[in-house]
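Have the sequence and the 3D view ready as you read.

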Amino acid sequence: MFDKRVTVIMGHYGSGKTFVAVNYALALAKQNKPVSIYDLDIVNPYFRTVDALDTLEKNGVELVVSPFAETNVDIPAMNAKSYKMVDDKNRFAVADIGGDDRGALALGRFVDKIKEENNYDALFVLNCFRPETRTIEGALEIKAEIERTAKLKFTGIVNNANLGLETTVEDILQGLKKAEEFSSVTGLPIKFTAVRRDLAADERIKQLKQVLLIDPIKYGDWL
């Protein structure tokens, strides 16, 4: 689950990829691994990694973000430090990519080096409760759009089925069935299921093979 140096997190708008990326980076840090998280989301997102800055810093995770984060400027500007993601082989890197094909454009300048190192996962965050990914056909379309623009093929799936703070264990398991169907169609493995920490004590969740515990960074902002 945490075996690749570079982990690229991509998916549809509102799929929850930023929450997955932040918590994935925190999980790496808890294993005493040096880790940086790169906010490559240039699509005026609802929630940005910078919103979790205090939590990230407290846990020793370096955040590399656009110099215009937390301002009213909405342009695709990248931090020069972003190149550390492919140049610094001594740190784990988690990249939060913007929604759909437009957001995937930001990844383009790093793809060749990512492929050259060949030590990466590119994870498709699937939330079956989002309108555009409720069906396998819709999810396949989003997947194809992202891969075409990013020029990077997905290597795995994240089941991030959720309905915000109203999410139940049943919702997560329903999402897992959809993710399994998506896996069957695409041939991609399910890398893990994202589970809000307060739901993780349920015996049905304990039986899942790979689980990433999610702590919402800002109360009520579960995307």
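Which residues of helix H5 (residues 108-117) are buried? In this predicted model, they are Phe-110, Val-111 and Ile-114. Looking down the axis of H5, you will find these buried residues within an arc of 120°, so they line one face of the helix. Just after the helix, Asn-118 takes a positive phi of about 55°.

What covers the buried residues of H5? The cover includes strands S1 (6-11), S2 (35-40) and S5 (120-126), together with helices H3 (84-87) and H6 (136-150).

The largest nonpolar core has 32 residues, and Val-8, Met-10, Leu-40, Leu-107 and Leu-152 have the most contacts inside it. At least two residues of this core come from each of S1, S2, H3, S4 (92-97), H5, S5, H6 and H7 (169-186). H6 gives the most, with 5 residues. A second, separate core has 28 residues, among them Val-35, Ile-37, Ala-194 and Leu-212.

Now zoom out to the whole chain. Its secondary structure comes to 8 helices and 8 strands, and 54% of its 223 residues count as buried. Among contacts between residues at least 6 apart in sequence, 75% join residues at least 24 apart.

How values were computed: Residues numbered from 1 in each chain as written. Predicted model: local features only at pLDDT ≥ 70, side-chain atom pairs only at ≥ 80, totals over all residues. Heavy atoms only, no water. Helix = DSSP H or I, 4+ residues; strand = E, 2+ residues; numbered from the N terminus. Buried < 20%, exposed > 50% of the residue type's maximum accessible area, 1.4 Å probe, protein only. Contact = heavy atoms within 4.5 Å. Arc of directions from axis to C-beta. Core = buried A, V, L, I, M, F, W, Y, C linked by side-chain atoms within 4.5 Å.
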